[in-house]
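This briefing is for a reader who is new to the structure shown below.

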Amino acid sequence: MKRFLIIYPGALGDTLLTRAAILTIKKTYPGCAVDYAGNPGYLALFADELHQIWDYFSAGLLPLFSADPELEKSCRNWLIGYDCIIFWTARKSELQQKKLAALHVPCVIYDSIKPPENYEFHQTRFMLTTLEVLKLSANVTPTNEILPLQIPDNQKKVIPEPFFAIHPGSGSAKKNLPVSFYIELAEALREKLNMAAVCTLGPAEESRLSEYGKGDWQIERPENVQQLANLIGGAGFYIGNDSGVTHLAAQLGIPTFAIFVASNPQVWAPIGREVYVLHQQNKWRRYGHYYFLHELTPESVGRFVIEMEVKHQIPG
């Protein structure tokens, strides 16, 4: 059985996108085992696709980052058990490369899996190009499979049904529409669709709680990403900026409306079975599930969401 190790401490959205590489490796090498050293909370979302999960910060990897010229015996013995090590890092050094080369194990060491600025294809395609050494199946495309939930019953939250979820923030302020935009949008959709509105907030939104409190919605602040997944996974649909939570909603398989105001949707669009990317950039209007709106207003987005939801509910 071939064994692969991925080492990548990415954020939520970036980690979820690596599923494309994991599933492509497993389809290319049936029966193989893929271990992953990253954020255990994020990796637990797709634990069924992995053989073993390691915490990036306590997985015995510290010798790889130390100034010592050689790896400690325990770290070396662990790493030589793999047929290939995939190390995506923003801090690649010559010393790290020498330490890994001394293992005589095929290694992928790449500065980043974020494409260069003028890249014209999806991020998952770029990510797979970093794995040329693995000779991955050319006919395997990035996954659109539904993300399996693994949430303990005692963490589940009861939310009024039916409801839609909104996550109005992200890790980058330039990606966010004003809070007032989402408050107006939620109010319009509640009235038109007769659904409850749930606003999810995370650490990035902590400093603006008073603003979010002005909305006529139920505010939820999940304690961890598993609780968040269980919450939005039960929604009728989801709306949000380009964020890790939006990638999560898409991979949960629920209808996802992703609003892009700064980043390139051709590169960073979420992967899912029903994703609608809304934007104002003329140059993207011809692509697949990207929808050009002349104005990104609560009214225009609300009309689009209602139109798509009505189509979704009509048989055939």
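**Cysteines, cores and a buried aspartate**

The count of disulfides (pairs of cysteine sulfur atoms within 2.5 Å) comes to zero. The model is predicted, so local features need pLDDT of at least 70 and side-chain atom pairs count only at pLDDT 80 or more, while totals for chains, interfaces and linings use all residues. Residues are numbered from 1 along each chain as its sequence is written, and side-chain values use heavy atoms, with hydrogens and water left out.

**Cysteines**
- C107 takes part in no disulfide, and the nearest cysteine sulfur, that of C84, lies 6.6 Å away.
- C107 is partly exposed at 25% relative accessibility, whereas C32 is buried with a relative accessible area of 10%; buried means under 20%, exposed over 50% and partly exposed in between (1.4 Å probe, protein chains only).

**Nonpolar cores**
- A nonpolar core is a set of buried Ala, Val, Leu, Ile, Met, Phe, Trp, Tyr and Cys residues joined through side-chain atoms within 4.5 Å.
- The largest has 43 residues, and I25, L45, I86, W88, L131 and L248 have the most contacts inside it.
- A second, separate core of 29 residues includes Y182, M195, C199 and W217.

**D14**
- D14 lies in helix α1, residues 12-17 (a DSSP run of H or I, at least four residues, numbered from the N terminus).
- Beyond its neighbours within four places in sequence, D14 is in contact (heavy atoms within 4.5 Å) with Y8, K114 and W268.
- D14 is buried but has no salt bridge, and K114, the nearest side chain of opposite charge, is 4.3 Å away.
- A salt bridge needs a side-chain nitrogen of Lys or Arg within 4 Å of a carboxyl oxygen of Asp or Glu.
- Lys and Arg count as positive and Asp and Glu as negative, with His and the chain ends not counted.

Definitions and conventions. Helices (H or I, at least four residues) and strands (E, at least two) are DSSP runs, numbered from the N terminus.
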